[in-house]
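Please look over the sequence and the structure shown here before reading the briefing.

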Amino acid sequence: VTKTVDSDQALPDTNVTYTIQVQNYGPGDAATVELVDALPTDQFSGPMTFVSIQKPSGWTCTTQNVGAGEKVSCKIATLPNGSNSTFMLTAHIPSTASSPTVYSNQASLTSSDDPNSENDGADASTAVVSAAPTLTTQASGSVPFGGAISDMATLSGGSNATGTITFSAYGPNDSNCSGGAAFTSAANVTGDNQYPSGSF
């Protein structure tokens, strides 16, 4: 079993989706197979809750409450040798969650005749963040040959963001920006704001 998550960072009161893959490496068909995913909880931020699951044909899935969280169980009587089953599990991070909570979600697999149990577990983690900033840019308009250009970057949705925004200008014969930059400049970030590149 392998597992990935669509975002390693998420805001409170949002959904995350896990992709879980179950593959039978053999040497034969697997019997009485069960995939269990217990949604994680945090002592201070509360439990993640079940939203939905997309399952492959032949599998049956049920959910049940376990303590403060929920458990998803999917079963199949026979999993053929060489087969690959993909599940999409969506869970909700509670509105009470706060940074720096990390939800580590684990999936485990059992079978009545598994000769190798070492590859029967996988996990994926998502950290709760207080903000999800976006950065948009506005390129300079056309200027005559020899004229100056100036770009603008806008940071929004941050929470006391700091760091640096670097601007790069490439020559007219480098439309793919694959070579070295003709000019560069940097702007120090001090929260949400507009940041000009300066004049190139």
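Predicted model: local features only at pLDDT ≥ 70, side-chain atom pairs only at ≥ 80, totals over all residues.

Residues are numbered from 1 along each chain as its sequence is written, and side-chain values use heavy atoms, with hydrogens and water left out.

**The open sheet**

- An open sheet is formed by 4 strands in the order 1-3-10-7, with antiparallel pairing; strands are DSSP runs (E, at least two residues) numbered from the N terminus, and two strands pair if DSSP finds at least two bridges between them.
- Strand 1 (2–5) and strand 7 (49–54) are at the edges with a single partner strand each, so one side of each has no neighbour in the sheet.
- From one strand to the next, the twist averages 20°, with axes taken as lines fitted to C-alpha atoms and angles running from 0 to 180 degrees between N-to-C directions.
- Strand 1 and strand 3 (residues 15–23) run antiparallel and are joined by 4 bridges, and Lys 3 has Ile 20 of strand 3 as its bridge partner.

**The salt bridge**

- Side chains of opposite charge can pair when their charged atoms come close.
- The whole structure holds 1 salt bridge, a term that requires a side-chain nitrogen of Lys or Arg within 4 Å of a carboxyl oxygen of Asp or Glu.
- It joins the side chains of Asp 37 and Lys 3 at 2.5 Å, N to O, and it links distant parts of the chain, as Asp 37 lies in strand 4 and Lys 3 in strand 1, 34 residues apart.
- Both Asp 37 and Lys 3 are buried, where buried means under 20% relative accessible area, exposed over 50%, and partly exposed in between (1.4 Å probe, protein chains only).

**The cavity**

- There is 1 cavity of 30 Å³ or more, a cavity being a set of points on a 1 Å grid over the protein atoms alone where a 1.4 Å probe fits but cannot get out, with lining residues having an atom within 4 Å of a point.
- The largest cavity has a volume of about 40 Å³, and its lining includes Asp 37 and Ile 20.
- Strand 4 (30–38) and strand 9 (69–79) each supply at least two residues of this lining, which divides into 6 nonpolar, no polar and 1 charged.

**The loop proline**

- Pro 80 is found in the loop between strand 9 and strand 10 (84–92), and Pro 80 is partly exposed, with a relative accessible area of 40%.
- Pro 80 and Ala 31 are 49 residues apart in sequence and 8.7 Å apart in space, C-alpha to C-alpha.

Conventions. 1 Å grid on protein atoms, 1.4 Å probe; cavity = no way out; pocket = protein on both sides within 12 Å on 5 of 7 lines; lining within 4 Å. Points joined across faces, edges and corners; volume = space filled by probe spheres on them. Nonpolar A, V, L, I, M, F, W, Y, C, P; charged D, E, K, R; others polar.
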